[in-house]
Amino acid sequence: MTSIEKRSISILGSTGSIGTNTLDVVRHLGGREAFDMVALTGAGNIALLAEQAIGHGARLAVTADESQYIALKDALSGTGIEVAAGQSGLLEAAEAEAQVVMAAIVGTAGLAPTLAAARRGADIALANKECLVSAGDLFLGAIRQGGGRLLPVDSEHNAIFQVLEENQRHAVERVILTASGGPFRTFSRSQMADVTLETARTHPNWSMGLKISIDSASMFNKALEMIEAKHLFNLTPDQVEVIVHPQSIIHSMVGYADGSVLAQLGAPDMRHAIGYALQYPRRAQLPVERLDFAKLARLDFEAPDETRFPALRLARMAMVRGGVQGAVLNGAKEVSLEAFISGTTGFLTMAEVTEAVMEELAHLPPATTMDEVFEADAEARRAARRLLD
Ligand code: NAD
Ligand code: MG
């Protein structure tokens, strides 16, 4: 156990893949000795949420699903843990005084609570990508206004954050996001046309939630990460590069004006990035596998193929157009992804629908308020549903 100053923390989305990994890191770093657990939130998985809240001594437990309020209340009766539900409950969790908030709700649902935590000045450990993809400038504005730190948890952005020399930002030429290529890296488009949910959800290297696993197979995950990187590190679209690296050992790289490239390497385990964000700027002892270079033997690289993976081209289009195009891309993608998960549409249709929606809504003006971001997101969803019907 590392000796550290006790900090208070809330985890939005504690029952998911990032959430449970975060609790594992918290336990490893000393549990209640090191962290004061303020709020935990989940959606459907009440038994797990209740067990986490009791085990970590949380003050507040929230389910996003209002219909589960009574079930959560029952599961926590007699524990003294406060219970809330729905959107207002999520906001209550975000606003409860914790120094650090892990933003690990999946999708656009994470936007409003993360924004609320940013506005009150919490340090945000950011796993949720949609905050930056859909509302980049406004979200960064909320962080600045609140005065907290923004600590990237997405492994690629965490890697860049680790190797970005703060006093040399002017000398950054490019960032290079690595991509595993997912389960369909070597597939032709015709092979991808009729892949099933089961094969799409099987990631070669990382163990993650369902939606991000499928987004990795379509490379929409990398598309979101390109837009995320642009905002996080204040880059132009052509400074954001992607390279396919099937072993997922190099998590990303920064190229400088002198030609040097700095990379961060590690085993593909999200507890690296989570632990770095929770302990920043200190490096704690973490329970992750150590790299054995003799066993690794080789690291491979391939240029990404935007014809087979059009999501990458769409990300570039969204970055160049700016404004609400990130929100439009993401809203249309989420609807298409849900249709693929429910078996009502094919794998390749996701990018086709997203591109058609981006063309249809290319005229939308930039957003100056969050309401305008939510409106662009809603318009994109309506347009995608119409095309999928
Ligand atoms: P997940 O599906 O495993 O977990 C999502 C969490 O959000 C769960 O706690 C779930 O109960 C909650 N949730 C789901 N729908 C909700 C709603 N409508 N309202 C409120 N809460 C809701 O997802 P995950 O893989 O842990 O990913 C979480 C976020 O982190 C995503 O934005 C993902 O892109 C990002 N991320 C994940 C990984 C990873 O390794 N899993 C890596 C990088 C970034
Ligand atoms: Mg990532």
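The model is a predicted one, in which local features need pLDDT of at least 70, side-chain atom pairs count only at pLDDT 80 or more, and totals for chains, interfaces and linings use all residues. Residues are numbered from 1 along each chain as its sequence is written, chains are lettered from A and ligands numbered from 1 in the order in which they are written, and side-chain values use heavy atoms, with hydrogens and water left out.

To start with the seven-stranded sheet: this sheet is open, its pairing is parallel, and its strands run in the order E4-E3-E2-E1-E5-E6-E7. Helices (H or I, at least four residues) and strands (E, at least two) are DSSP runs, numbered from the N terminus, and two strands pair if DSSP finds at least two bridges between them. Strand E4 (82–85) and strand E7 (150–152) sit at the edges with a single partner strand each, so one side of each has no neighbour in the sheet. On average, neighbouring strands here are turned by 20 degrees against each other, direction ignored; axes are lines fitted to C-alpha atoms, for helices over the stretch in contact, and angles run from 0 to 180 degrees between N-to-C directions. Helix H5 (residues 111–119) packs on this sheet and touches E1, strand E5 (100–103) and strand E6 (123–126), its direction making about 150 degrees with that of E6. Contact here means heavy atoms within 4.5 Å. Within the sheet, five bridges pair E1 (residues 7–12) with E2 (residues 35–42) in the parallel sense, and arginine 7 stands opposite phenylalanine 35 in E2.

The other sheet is also open, but this one has four strands in the order E9-E8-E10-E11 and mixed pairing. Strand E9 (240–244) and E11 are its edges; each has a single partner strand, so one side is left without a neighbour in the sheet. Strands E10 (residues 250–256) and E11 (residues 261–265) run antiparallel, joined by five bridges. Glycine 255 faces valine 261 in E11, while valine 254 has leucine 262 as its bridge partner. Four residues lie between the strands of this hairpin, where glycine 259 takes a positive phi near 90 degrees. Helix H7 (residues 155–163) lies across strand E8 (172–179), E10 and E11, at about 45 degrees to E10.

Turning to ligand 1, 24 residues surround the molecule, the closest being Thr15, Ser17, Ile18, Ala43 and Gly209; a residue is near if one of its heavy atoms lies within 4 Å. The side chain of threonine 15 places an N or O atom 2.7 Å from an oxygen atom of ligand 1, and a backbone N or O atom of glycine 16 is 3.1 Å from a ligand oxygen atom. For the side chain of glutamate 130, the corresponding distance is 3.4 Å.

Glutamate 130 turns up again in a helix pair: Glu130, Val133 and Ser134 in H6 meet Gly326, Ala327, Asn330 and Glu334 in H15. The axes of H6 (residues 130–146) and H15 (residues 325–341) come within 7 Å and cross at roughly 145 degrees.

The peptide bond from tyrosine 280 to proline 281 is cis, with omega near 5 degrees, and proline 281 is in the loop between H12 (270–279) and H13 (293–296). Methionine 219, although not a glycine, has a positive phi of about 65 degrees; this residue lies between H10 (210–218) and H11 (220–232).

How values were computed:
A polar contact is a pair of N or O atoms within 3.5 Å; within protein, one must be able to donate a hydrogen and the other to accept it, and residues adjacent in sequence count only if both atoms are side-chain atoms.
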